[in-house]
Amino acid sequence: MIKITLPDGSVREFIQNSTPMDVAKNISEGFARNVISANFNGNTVETSTPLTTDGELTLYTFNDTDGKKAFWHSSAHVLAQAILEFHPNAKLTIGPAIENGFYYDIDLGEDVISEKDFSQIEKKFLELARGKHEFKLRSVSKADALTYYKKEENQYKVELIENLTDGDITFCDHSDFTDLCRGGHIPHTGIIKAVKVMNVAGAYWRGDEKNNQLTRIYGISFPKQKMLTEYLELLEEAKKRDHRKLGKELELFTFSQRVGQGLPLWLPKGAALRGRLENFLKDAQKKAGYEMVMTPHIGQKELYETSGHYAKYGGDSFQPIKTPKMDEEFLLKPMNCPHHCEVYNFKPHSYKDLPKRFAEFGTVYRYEQSGELHGLTRVRGFTQDDAHIFCTPEQLDQEFKNVIDLVLYVFGSLGFENFKAQVSIRDMENLDKYIGDADTWDIAEKAIINAATDKGLDFVIEEGEAAFYGPKLDFMVKDALGRSWQLGTIQVDYNLPKRFELTYKGADNQLHRPVMIHRAPFGSMERFIAVLLEHTGGNFPLWLTPEQVILLPISEKYQKYSEKVLELLENSEIRAQIDDRSEKTGRKIRDAEVNKIPFMIVVGEKEEKEGTVSVRKHGEGDIGTFTIEEFILLIKKEINSTLVKF
């Protein structure tokens with residue numbers, strides 16, 4: 001007998017060589033029908049894998065991330081099988097699961113796959129899937145694996161196998177199809193009920209442009225047709241909310257090839273919106289005891305060598321800037337933290353001075369590959385709402401919790417209500433990625449977990465996601481479409497204070513090392529605004545939106561009254577404009593709706609005579625006639641209802 005420990009801590013005994021599916025059936029026949037993958041003692045296994053020792057078992061359904069991964073990886077096999085039906089001489093390379101779906105990279109030779117082929121590929125895919133073919137994993141010697149693919153004349157698989165260790169090589173079989181594969185499959189193809197070929201693109205073998213270009217076919221699949229329908233509807237909604245599209249329509253930002261890829265240009269409305277976000281956070285930071293600082297956009301190479309950033313990222317960053325002086329080199333600033341360490345070093349500090357909280361909206365530069373650039377979410381120059389807190393070890397817990405409160409205030413005021421926290425710690429099997437000693441890492445990781453627990457956050461622990469200098473607490477926010485984004489971050493760092501020789505004089509009159517907290521509630525202004533645009537569909541909270549009110553006089557006769565109303569609104573700090581174009585009122589209303597202006601005021605003879613305004617609300621239509629004072633109160637009330645108290 002073997003003892004199997006389940007995620008809830010319960011332990012059950014089974015006959016040796018029982019499978020994960022046997023365990024699932026023991027729990028519930030209904031549950032077992034939905035189990036598609038499993039993890040045993042930290043390793044992904046098939047549901048048919050014999051369990052030979054005691055261990056911890058997790059069973060996955062399609063609702064689990066790892067369940068989806070197995071489902072989509074298995075689907076990649078079926079996709080490859082379907083394509084070989086039409087292109088029998090094609091050479092398969094790799095077919096992994098990705099965040100949404102899967103892809104397979106294939107060398108088609110002289111053949112071509114285009115969008116017109118998608119429907120027949122999907123039809124063949126489902127025909128093959130309905131056969132309910134079991135996925136069977138089997139071990140293969142390195143010699144036999146090489147013989148198999150040399151016979152197939154598949155140099156790609158041969159190259160992969162040559163880099164594998166004999167004894168660790170497995171093939172996966174289903175139906176009459178065989179593929180080199182590590183494992184992690186669903187029980188059989190019949191579980192796949194719906195598929196959509198999403199896209200076809202070019203991809204270099206192993207991502208190297210010196211290698212052959214392959215055809216990458218993207219797809220997504222589901223255990224129910226309804227799920228696919230809902231997913232495609234979500235994609236259509238996402239297209240409407242694409243921040244690149246909305247940013248252009250609302251005239252917030254643009255890009256210029258002359259300026260350079262990944263370097264956004266903020267237009268007047270976008271710059272004003274950014275300014276309001278900055279002022280919003282500056283006000284909150286002032287209440288929380290932060291001091292604003294400013295640092296240059298460049299720094300000497302030595303600065304980033306001291307911090308460790310150059311050793312970790314220098315090769316993939318913008319290259320050093322040489323000056324006329326011999327051996328003098330500068331870097332575009334990739335991080336603000338080394339500069340803030342030098343701000344702290346300006347003068348000696350006592351424990352009575354701490355904590356010191358330095359904040360800056362600091363622009364940094366990182367050389368992202370051109371293929372990875374994407375609107376505002378992946379750029380080469382971006383502004384972080386950065387701050388660094390220098391505190392004593394005894395102050396760390398409370399300071400960290402204070403930052404959590406600040407992040408929650410930001411999310412609450414901007415309508416991000418659905419989020420999870422992620423404690424990002426070291427990868428214990430790859431410690432070379434990090435700087436510093438194990439003891440301080442242990443202390444820092446424990447401090448973050450304790451603070452997150454005490455604040456009642458819903459959090460998970462992710463190994464290997466820490467920054468190179470310390471662990472962190474990341475906030476994973478779900479937008480209106482259910483997509484997850486990493487926004488705010490808080491990091492604990494014992495290493496940079498040591499590297500920059502930061503000290504403070506303690507109550508014992510001895511010098512001690514401060515602890516450093518890195519934090520950015522927005523993350524970066526660019527990425528945050530992109531996510532906010534897609535989350536709101538461009539319908540920003542009233543306090544933030546570029547134009548709150550548009551006045552629509554129905555003819556030139558009412559221009560003066562419109563100007564009087566405008567002055568009263570502006571005196572009450574309400575952002576308003578007059579649309580005095582010689583267009584019909586209906587056209588002006590439609591344009592205001594497209595531009596997502598929250599309130600429209602129609603001004604005509606009746607309104608001028610009575611000293612009132614007729615009000616329309618974006619997306620709702622007419623909401624009535626108000627005195628100007630009543631309308632101003634309406635605006636103020638709505639603004640106050642969306643801002644959370646801090």
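**Packing, pairing and charge contacts in the predicted model**

Arg241 is buried, with a relative accessible area of 17% (buried means under 20%, exposed over 50% and partly exposed in between, with a 1.4 Å probe and protein chains only). The model is a predicted one, in which local features need pLDDT of at least 70 and side-chain atom pairs count only at pLDDT 80 or more, while totals for chains, interfaces and linings use all residues. Residues are numbered from 1 along each chain as its sequence is written, and side-chain values use heavy atoms, with hydrogens and water left out.

Arg241 forms a salt bridge with Glu237, with 2.9 Å between the closest N and O atoms (a salt bridge is a side-chain nitrogen of Lys or Arg within 4 Å of a carboxyl oxygen of Asp or Glu). Both residues lie in helix α7 (residues 225-241), 4 residues apart, or about one turn of the helix; helices (H or I, at least four residues) and strands (E, at least two) are DSSP runs numbered from the N terminus. Glu237 is partly exposed, at 27% relative accessibility.

Across the whole structure, a search finds 36 salt bridges. One of them joins Arg206 to Glu159, with the closest N and O atoms 3.3 Å apart. Arg206 lies in the loop between β12 (194-204) and β13 (213-222) and Glu159 in helix α6 (residues 155-162), so this pair ties together parts that are 47 residues apart in sequence. Glu534 and Arg483 also meet through their side chains in a salt bridge (3.0 Å, N to O). Here the link is between helix α16 (residues 525-536), which holds Glu534, and the loop between β24 (472-478) and β25 (484-493), which holds Arg483, so parts 51 residues apart in sequence are tied together. Glu534 is buried at 5% relative accessible area, whereas Arg483 is partly exposed at 22%. A network of salt bridges links Asp579, Arg581, Arg587 and Asp591.

Leu414 touches (heavy atoms within 4.5 Å) residues including Leu277, Phe522, Phe528 and Trp543. Phe522 and Phe528 also belong to one aromatic cluster with Phe411, Phe416, Phe419 and Phe475.

The whole structure holds 26 aromatic pairs; rings of Phe, Tyr and Trp (its six-membered ring) pair if their centres lie within 6.5 Å, with planes under 30 degrees apart counted as stacked, over 60 as edge-to-face and the rest as tilted. Phe318 and Tyr367 form an edge-to-face pair, 5.3 Å centre to centre with 80° between the planes. Phe318 is partly exposed at 23% relative accessible area, and Tyr367 is partly exposed at 36%.

Among the strands, β32 (residues 612-617) and β33 (residues 621-627) run antiparallel and are joined by 6 bridges; two strands pair if DSSP finds at least two bridges between them. Thr612 stands opposite Thr627 in β33. The two strands form a hairpin with 3 residues between them, and Gly619 in the turn has a positive phi of about 80°.

Conventions: Lists of a residue's contacts leave out its neighbours within four places in sequence.
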